[in-house]
Amino acid sequence: MPLQTELCALFDPARHEPLTQVSWSDAAAGTAIQHIVDDAMQAFSPDGLWPTHELDEPPTPDARYSMLYLGAGGVIWALRRLAQLGFGRDPAGRFDATVPTLVQRNREFGDAQLGASSYLLGDAGLLLLEWQMFHEPAIAERIFTVVQDNLHHPTREMLWGSPGTLLAAIHMAESTGDPRWAQLFERGARILLDEMVLDESLGIWLWHQDLAGKTRCYLGAAHGFVGNIHPMLRGAALLPEPLVQIFTERALQTLSALALHADGLLNWHPVHDPAAPVSKLPLVQDCHGAPGTVSRLATAPRSEQWDGLLNGAGELVWRAGPLTKGAGLCHGTAGNGLALLKLWTRTGDPRWLARAQAFAMHAIEQVERERQVRGHGRYSLWTGDIGVALYLWSCLRGESSIPTLDVF
């Protein structure tokens with residue numbers, strides 16, 4: 001049975017702030033998107049890329065990140081996508097000389113202990129961007145090697161491990177139709193299945209993440225269980241149906257057993273560690289907690305159990321409100337709003353779209369507020385303004401794809 005708890009123990013109110021009372025406006029959302037795009041294009045330089053925001057913790061003030069997550073690769077990908085969606089001119093030519101340099105630039109700041117293959121932080125995502133732009137067979141071969149060499153990465157999580165790099169195989173399979181990519185993805189899925197561990201005391205399945213020498217059982221979308229299940233749902237059409245079913249059944253079993261719940265709301269601690277006392281309130285942000293759980297698993301089978309779990313998590317996201325940490329995708333208001341959009345896509349219930357759009361208006365205010373305080377924008381996909389722009393577009397269209405994960 002799920003763990004009983006009080007509502008006040010499901011999240012920390014100090015991490016959230018009251019929702020804006022400004023009503024949704026298509027025009028305001030479109031204007032905000034265009035402003036973010038124009039600012040990002042103006043701030044770019046081929047040598048200096050984009051300035052690194054103080055909150056993204058550069059090792060030195062003049063450091064420049066290159067990865068998809070919070071570097072130039074993610075901003076370039078987002079600007080190209082937004083141009084395709086009608087915001088700004090296609091910027092491809094401006095970045096043609098820059099993109100092939102990003103892998104090497106990124107390795108200057110990579111974590112050698114965890115490896116360079118990572119999808120959001122390392123080679124895989126940047127090579128996928130390069131292939132998308134140039135479609136050169138040699139780049140595809142490099143991607144294949146990176147994904148294959150990462151199949152047994154000991155972190156067993158989204159950011160560094162194979163669940164992340166398997167997304168590159170999914171995107172390549174869908175883009176090329178070459179069956180070897182689907183075969184590579186299935187190999188990785190079966191390895192991950194074999195690496196799941198049964199906790200017999202609770203009857204749940206988990207992965208042990210070996211992160212820099214520390215072994216943990218993370219549950220969330222960034223480093224843990226939910227992030228590992230997501231590729232199996234995202235690429236379900238490329239896998240045998242019984243294999244997908246095993247993952248979804250184990251996911252429901254584990255998340256139901258470990259859910260914290262009260263008054264119809266659900267959340268999860270970032271880490272499952274029955275030997276350690278819980279001293280912190282659960283987080284409510286995309287990387288850990290209810291929002292990421294909904295966003296990554298919203299395509300799970302329609303059933304009373306799955307609907308109850310995802311709707312309860314979504315209600316918690318709405319009740320908790322916007323995040324004080326900012327507007328971004330990973331741990332900001334846009335990321336939480338994306339979970340509400342996912343529920344709109346899943347259920348067709350218009351209240352979820354209205355709630356997502358309310359979060360969008362709040363995110364616009366947060367972007368502008370931060371810009372006034374700092375005097376500049378935040379140029380990154382997962383932590384900054386350009387991710388918010390993509391979220392605003394999704395709210396305009398009632399579309400809920402997760403940037404670089406669901407769509408590339």
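Hi everyone, let me open with a contact I like: Arg250 sits over the face of Trp205, 3.5 Å from the centre of the ring. Keep in mind that this is a predicted model. There is another arginine of this kind, Arg81, which lies over the face of Trp393 at 5.9 Å from the ring centre.

Let me step back to the whole chain for a moment. It has 15 helices and seven strands. For 408 residues, a compact globule would have a radius of gyration near 22 Å, and the chain comes out at 20 Å, which agrees. Along the principal axes, the C-alpha atoms fill a box of roughly 55 × 50 × 40 Å. Buried residues make up 60% of the 408. Among contacts with a separation of 6 or more, 69% join residues 24 or more positions apart. The accessible surface is about 16300 Å², and carbon and sulfur atoms hold 52% of that.

Now, back to the rings. How many aromatic pairs does the structure hold? Eight. Take Phe44 and Trp50: their ring centres are 4.7 Å apart and their planes stand at 50 degrees, so this pair counts as tilted. Both Phe44 and Trp50 are buried. Phe44 also pairs with Phe95, with centres 4.8 Å apart and planes at 85 degrees, so here we have an edge-to-face pair. Phe44 is in the loop between α1 (26-43) and α2 (72-84), while Phe95 is in helix α3 (residues 92-95), so the pair ties together parts 51 residues apart in sequence. Put together, Phe44, Trp50 and Phe95 make one aromatic cluster.

Last stop, helix α9 (residues 225-234). This one is mostly covered, with ten of its ten residues buried. Among them are Phe225, Ile229, Met232 and Leu233, but also Asn228, His230 and Arg234. The cover includes the helices α7 (162-176), α8 (179-195), α10 (241-258) and α11 (290-297), along with the strands β3 (204-206) and β4 (209-211).

Methods
Residues are numbered from 1 along each chain as its sequence is written. This is a predicted model: local features need pLDDT of at least 70, side-chain atom pairs count only at pLDDT 80 or more; totals for chains, interfaces and linings use all residues. Side-chain values use heavy atoms; hydrogens and water are left out. Rings of Phe, Tyr and Trp (its six-membered ring) pair if their centres lie within 6.5 Å; planes under 30 degrees apart count as stacked, over 60 as edge-to-face and the rest as tilted. Buried means under 20% relative accessible area, exposed over 50%, partly exposed in between (1.4 Å probe, protein chains only). Helices (H or I, at least four residues) and strands (E, at least two) are DSSP runs, numbered from the N terminus. A charge sits over a ring if NZ of Lys or CZ of Arg is within 6 Å of the ring centre and within 35 degrees of the ring normal. Contact means heavy atoms within 4.5 Å. The radius of gyration is taken over C-alpha atoms; the globule rule is 2.2 Å times the number of residues to the power 0.38. Accessible areas come from the Shrake-Rupley method with a 1.4 Å probe; for residues, only the protein chains shown count as cover.
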